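Dear colleague,

Please find the structure below, handed over for your work.

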Amino acid sequence: MGQLIHTFTVEDTEEIIPKVKQDFGDEAMIVTHKQIKAKTLTQKPLYEVVVAVDEKDYEKHLKKSGKSLEPKKKENSSQDTKTKKEDEVLLDFSSAAKAYVEPKNKLDNFKKRLSEVSSEINKVANFKDLNTNSLEYDKKIQSFEKQINKLSEKVSLIVDMMWQSKAELKNNIIIPPEFATIYKQAKESGMKEEHLEAIMKATLENMPASMKSNPEAVSRYFYSLLRNMLPCRTETQIKKQKIMMLVGPTGVGKTTTLAKLAFRYAYGDKRYKTGIITLDTYRIGAVEQLFQYAKMMKLPIIDSIEPKDLDEAIKSLNYCEVILVDTIGNSQYDQSKLAKTREFLSHSNADIDVNLVVSANTKLEDLKEIYDIFSSYLNIDTIIITKFDETKVFGNVFSLIYDINKPISFFSIGQEVPDDIELASSDFLVKCVLEGFKRKE
């Protein structure tokens, strides 16, 4: 003899207990109830109720009421099948937990969590008290729902613990279950392993003990910690002439980024007289594209071929509050072009802000190499990150900034000129690292 699951609907929660007693007997247990149709001006609300009762108790009730045991309805069979599948999943989960060999302290922790979940299940299973009034019943239903939510959270934590237990941890860092979800997100972001371990260690050591048992508090603390580790340049009102030079390897979108910045400064909330200088005379197509952008935006543009001409070009744009300088796009291995860019800077007496433009879809090892080589030739002031729309992981960008400790100034988040440019913020980047890039609607 097993347990039967029955589902029925009522229009009023006060009908539930009388109907359960009448149709299924005093030994029936209400598993859950939920509203499936809201109240309208012309119709009453509708509630779905799930009841569990032992077969033998149900038979006794039917005999007592002069009814016979009906064949199980198709919908109940479906429910039983669902229950059976859920039991199979729990069995598979339990088997996996037993089969996996872990360090003793982690295994003990895992068993402890399983014990807590089992305790929660027992509490829920013993929840039946039909001899109460409606108010008490509603309170117990609310209590029941809270227990189910807590149980769901604990199962999620254990699933993340199972994922985490398969990852090799160095330096004997044991990740508590409440930290497992945020650790998994950071791990999957492509962040450098040693950075993740250092951050997790700092979190475990410095986070207040009262917060450690709450996964949401852990997540908030972790987000906050990561935000504070990313230097960003805040944009202030331009009071004297600002000259920005964009440097970087080919293919990172340097020219289109400059066009976006030109529009932002010339036609943004605070408008500045803006001019453009290009040093890139090697790529005719890129120069023509930049001249076309300048023409569309009605901005002055000058091409400077020789290093000694740069100061003259800046002088001719002395009425501009913002001057943007486009440079030769070149591989980090092309030392002659890097030396030529350095020569332009060495011949100028102007205060020029050098911005290294790199792409978010570049491997961390390559990003680090690009920075190391460019910074050996040029004094890099800030970093501009492009192509946010061409990747799903941003841990590489986080690790680069964490390593070099240079401020980020702008993010180029798409192909559209002039729209897809944003002032860099640590909050935006951390969300990209842990949640992925989400374009604003």
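How many helices and strands are there in the protein? There are 15 helices and 11 strands, where helices (H or I, at least four residues) and strands (E, at least two) are DSSP runs numbered from the N terminus.

This is a predicted model, in which local features need pLDDT of at least 70 and side-chain atom pairs count only at pLDDT 80 or more, while totals for chains, interfaces and linings use all residues. Residues are numbered from 1 along each chain as its sequence is written, and side-chain values use heavy atoms, with hydrogens and water left out.

The protein has 441 residues, of which 43% count as buried (under 20% relative accessible area; exposed is over 50% and partly exposed in between, with a 1.4 Å probe and protein chains only). Among contacts (heavy atoms within 4.5 Å) between residues at least 6 apart in sequence, 73% join residues at least 24 apart.

Aromatic residues

The whole structure contains 10 aromatic pairs. Rings of Phe, Tyr and Trp (its six-membered ring) pair if their centres lie within 6.5 Å; planes under 30 degrees apart count as stacked, over 60 as edge-to-face and the rest as tilted. Phe-388 and Phe-437 are edge-to-face, because their ring centres are 6.1 Å apart and their planes stand at 65°. This pair links distant parts of the chain, 49 residues apart: Phe-388 lies in the loop between strand E9 (382–386) and helix H14 (395–404), and Phe-437 in the segment after helix H15 (426–435). Phe-388 has 0% relative accessibility and therefore counts as buried. Both rings belong to one aromatic cluster, formed by Phe-388, Phe-394, Phe-411, Phe-428 and Phe-437.

Helix packing

The axes of helix H7 (residues 193–206) and helix H8 (residues 215–228) come within 11 Å and cross at roughly 125°. Axes are lines fitted to C-alpha atoms, for helices over the stretch in contact, and angles run from 0 to 180 degrees between N-to-C directions. H7 is therefore oblique to H8 (under 35 degrees is roughly parallel, over 145 roughly antiparallel, 65 to 115 roughly perpendicular, and the rest oblique). Residues of H7, including Leu-196 and Ile-199, meet residues of H8, including Tyr-221 and Phe-222.

H8 also approaches H15, their axes coming within 9 Å and crossing at roughly 125°; these helices are therefore oblique to each other. Among the H8 residues that meet H15 are Phe-222 and Arg-227, and the H15 residues include Asp-427 and Glu-435.

With kind regards
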